[in-house]
Amino acid sequence: MTRTYVVTGAASGIGKATVEHLRAQGHTVFGVDIRDTDIIADLSTDDGRASLVEQANRLSGGRLDGVIAVAGLVAPKPITVRVNYFGAKATLESLQPLLTKSDAPRAAVVASMGALTEVDDDLLALLLADDEPGAVEAAERLGTTTLATGMSPIYATTKNAIARYVRIHAKDDQWSGAGIALNAIAPGVIETPMVAATLATEEGRAAMAEGAPAPLNGPAAPPTAPAALLAWLTSEENSFVTGQIIFIDGGAESILRPELV
Ligand SMILES: NC(=O)c1ccc[n+]([C@@H]2O[C@H](COP(=O)([O-])OP(=O)(O)OC[C@H]3O[C@@H](n4cnc5c(N)ncnc54)[C@H](O)[C@@H]3O)[C@@H](O)[C@H]2O)c1
């Protein structure tokens, strides 16, 4: 049966591949991005988030079967807090009422393997307390500092927080109680414009291979791989997987924390 989806980050990389995958299966998909797609909305602002809801309601007739929050940034800047955590959370929560009209509603968000690295505890607490102005200030203070892994603490912490959001809230009345599966995927290195510059140099490839070792078909996967996983997690077939962070990383997570079962 064909379904109706909203996918953010639809203009590039994983989001674009997800839109293409779902459309190839015959589904109706409304892409969301700041450019080049069906719904133009800036998820870093309240106005953009409100515009997303208004446009999604109008285009879908008020009913969605799947919501997939992919849009994200890696820049060590406060806007990364706004898009990666608050924009993703707003996408999920503000479109949840449209999902309740579906017989098989599903939602998914893209976290990152970066969620496994060290986080900034102050920023994490502000994100989980839903304090956007406070989190933006904390990100301003962190600026371009890096973690031991070389990753921005802003990126790592926003991805850790959105993964925690899924773990904490999937069981809630709003999600499981309404029959809505809510999951995250945590990609390793995926060949998209986000990492193209890093993958283009030998030094960059070596750093990525160290942070995200991918013995299965590494060092990086095409965006079609996470797209297919997102499509399954938000399909009618997925009637019992929820609250999970699914690593799609060529084996990196199993290498970095083999004790976890
Ligand atoms: N590429 C990787 O290796 C990798 C690894 C782990 C996680 N991720 C995550 O996957 C997601 C997609 O990344 P990608 O690699 O496809 O990157 P990408 O840069 O190709 O795509 C990101 C998309 O998000 C959109 N976007 C950015 N700011 C926005 C805003 N304010 N409002 C609306 N849309 C906005 C961009 O315009 C772009 O189209 C991100 O959340 C990223 O953190 C990527």
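I looked up Thr 91 and found it buried, at a relative accessible area of 0% (buried means under 20%, with a 1.4 Å probe and protein chains only as cover). Thr 91 sits in helix H3, residues 78-99 (helices are DSSP runs of H or I, at least four residues, numbered from the N terminus).

I then listed what Thr 91 touches, leaving out residues up to four places away in sequence: Thr 8, Leu 43, Leu 52, Val 67 and Ala 69 (contact means heavy atoms within 4.5 Å).

I noted that the model is predicted, that local features need pLDDT of at least 70 and side-chain atom pairs pLDDT 80 or more, while totals for chains, interfaces and linings use all residues. Residues are numbered from 1 along each chain as its sequence is written, and side-chain values use heavy atoms, without hydrogens and water.

Next I turned to the ligand. I found 30 residues around it, with Ser 12, Asp 33, Tyr 155, Lys 159 and Thr 192 the closest (near means a heavy atom within 4 Å). I sorted this shell into 18 nonpolar, eight polar and four charged residues. Helices H1 (13-24), H6 (153-169) and H7 (193-199) each supply at least two shell residues; H7 gives the largest share, three.

A polar side-chain atom of Thr 192 is at 2.5 Å, a side-chain N or O atom of Tyr 155 at 2.7 Å, and a backbone N or O atom of Val 70 at 2.8 Å. I also noted that the protein covers 93% of the 830 Å² of accessible area that the ligand has on its own (Shrake-Rupley method, 1.4 Å probe).

Note on methods
A polar contact is a pair of N or O atoms within 3.5 Å; within protein, one must be able to donate a hydrogen and the other to accept it, and residues adjacent in sequence count only if both atoms are side-chain atoms. Ala, Val, Leu, Ile, Met, Phe, Trp, Tyr, Cys and Pro count as nonpolar, Asp, Glu, Lys and Arg as charged, and the others, Gly among them, as polar. Buried means under 20% relative accessible area, exposed over 50%, partly exposed in between (1.4 Å probe, protein chains only).
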